[in-house]
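Have a look at the sequence and the structure first, and then we can go through some details together.

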Amino acid sequence: MSLFRSPRFPRLGSPRWEATAAALAVLAGAACAKQNDPPPGAASGARRLVVGFSQVGAESGWRTANTKSIKDEADKRGVTLKFSDAQGEQENQIRAIRSFIQQKVDFIAFSPKTEDGWQAVLEEAKKAGIRVVLTDRAVRVTDSTLYETFIGSDFIEEGRRAAECLAKRTGGKAMIAELQGTPGSAPALDRKKGFEAELAHYPGMTIVKSASGNFERAKGKEVFEAFLRSPEGARINALFAHNDDMALGAIQAIEAAGKRPGVDIVAVSIDGVHDAFQAMLDKKLSCSVECNPLLGPQLFDVIEKLSQGQHVPKRIVTQEGVFTADQVTADLIQSRRY
Ligand code: AHR
């Protein structure tokens, strides 16, 4: 029997029915209001900020840590976060941004898959009066007022640091296989640029193979297997991977081919995720250049400032270092947050 037909539920129109209906309406109102109520401790009259975030996907350990950082920080600050995972597809990101515009969110933030292809949708956001913050990766647009600021790493410097580390480990003599990130993405373009610029100082170091592994571990393994089978395969004695996950995949391929990672093939990569630290402890990876994924606090600092009418710099560079295998201890791994 349904609740409304139950003898214990007041008859329609009776005074008890009116009282029950009023109580239910208050409860429903409270449930709806909950989402946009100010967080506990906020100034009275404050409204929860609503932020739409379009994440590029879940291709790497770095990305998983980045997503967690953004979700945790929104939660902590009482921001209503509308999160969308584009599963590696730029069209999905554009669709998500359009949906955020329709929903009239207060801010849009996103980590763009590639540098190009954002002009039109960002113009739509601007026309709707919604401010946009770029996190992690840059875009190439003709009008820089289409976004407020870009928070993220200096990818050129990361590539340069990777080359410097590889030069130290190989004494400036290396036949390098390069695993590039997602084609057209800012980290793939800039890390390559920085790496090659530094390499110019070392005439004994040459890139003999280069292809994309899309920042994915399985793809990194597959592409490196093909490198090893190629005519240049026997000469490869160094690896530069644009991220840790691809390096870890390549290390599996190196071992499967009967070679010793860290000895026969010296590997360097970028990110500094937990598994890379383990590989450094095992002396299979020589160096991981840090790329910090914990961008949530910086992102919401910026959004809060903008919402209070404060100025923020157009570019906010994440401060990072370099980790080498000889520095890594089991204790250090324990202390890592990603
Ligand atoms: O844009 C940052 C890069 O994207 C990270 O280095 C990589 O792991 C990720 O997928």
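Is Ser269 buried or exposed? Keep in mind that this is a predicted model. Ser269 is buried, and its relative accessible area is 0%.

This serine belongs to strand S9, which covers residues 266–271. The side chain of Ser269 makes a polar contact of 2.7 Å with the side chain of Asp244. Leaving aside residues up to four places away in sequence, Ser269 touches Ala241, Asn243, Asp244, Ala247, Leu285, Cys287, Ser288 and Val289.

Let us turn to the ligand. Among the residues that surround the ligand are Trp62, Phe155, Pro187, Phe215 and Asn243.

| Side chain | Distance to a ligand oxygen atom |
|---|---|
| Arg63 | 3.1 Å |
| Arg137 | 2.8 Å |
| Asp271 | 2.6 Å |

How much of the ligand's accessible area does the protein cover? On its own, the ligand has 280 Å² of accessible area, and the protein covers 100% of that.

Next come the aromatic rings. Five aromatic pairs turn up in a search of the whole structure. One of them joins Phe224 and Phe227 in an edge-to-face arrangement, with 5.8 Å from centre to centre and 70 degrees between the planes. Both residues sit in helix H7 (residues 217–229); they are three residues apart, so about one helical turn separates them. Phe224 has 0% relative accessibility and therefore counts as buried. Phe227, with a relative accessible area of 4%, is buried too.

Finally, consider helix H4, which spans residues 119–127 and has Val121, Leu122 and Ala125 as buried residues. Why can these buried residues be said to line one face of the helix? Viewed down the axis of H4, they fall within an arc of 100 degrees, so they line one face. What do they pack against? Their partners are helix H3 (90–102), strand S3 (107–110) and strand S4 (131–135). After H4 comes Gly129, which has a positive phi, near 75 degrees.

Methods: Residues are numbered from 1 along each chain as its sequence is written. This is a predicted model: local features need pLDDT of at least 70, side-chain atom pairs count only at pLDDT 80 or more; totals for chains, interfaces and linings use all residues. Side-chain values use heavy atoms; hydrogens and water are left out. Buried means under 20% relative accessible area, exposed over 50%, partly exposed in between (1.4 Å probe, protein chains only). Helices (H or I, at least four residues) and strands (E, at least two) are DSSP runs, numbered from the N terminus. The arc is that of the directions from the helix axis to the C-beta atoms. Contact means heavy atoms within 4.5 Å. A residue is near a molecule or strand if one of its heavy atoms lies within 4 Å of it. A polar contact is a pair of N or O atoms within 3.5 Å; within protein, one must be able to donate a hydrogen and the other to accept it, and residues adjacent in sequence count only if both atoms are side-chain atoms. Accessible areas come from the Shrake-Rupley method with a 1.4 Å probe; for residues, only the protein chains shown count as cover. Rings of Phe, Tyr and Trp (its six-membered ring) pair if their centres lie within 6.5 Å; planes under 30 degrees apart count as stacked, over 60 as edge-to-face and the rest as tilted.
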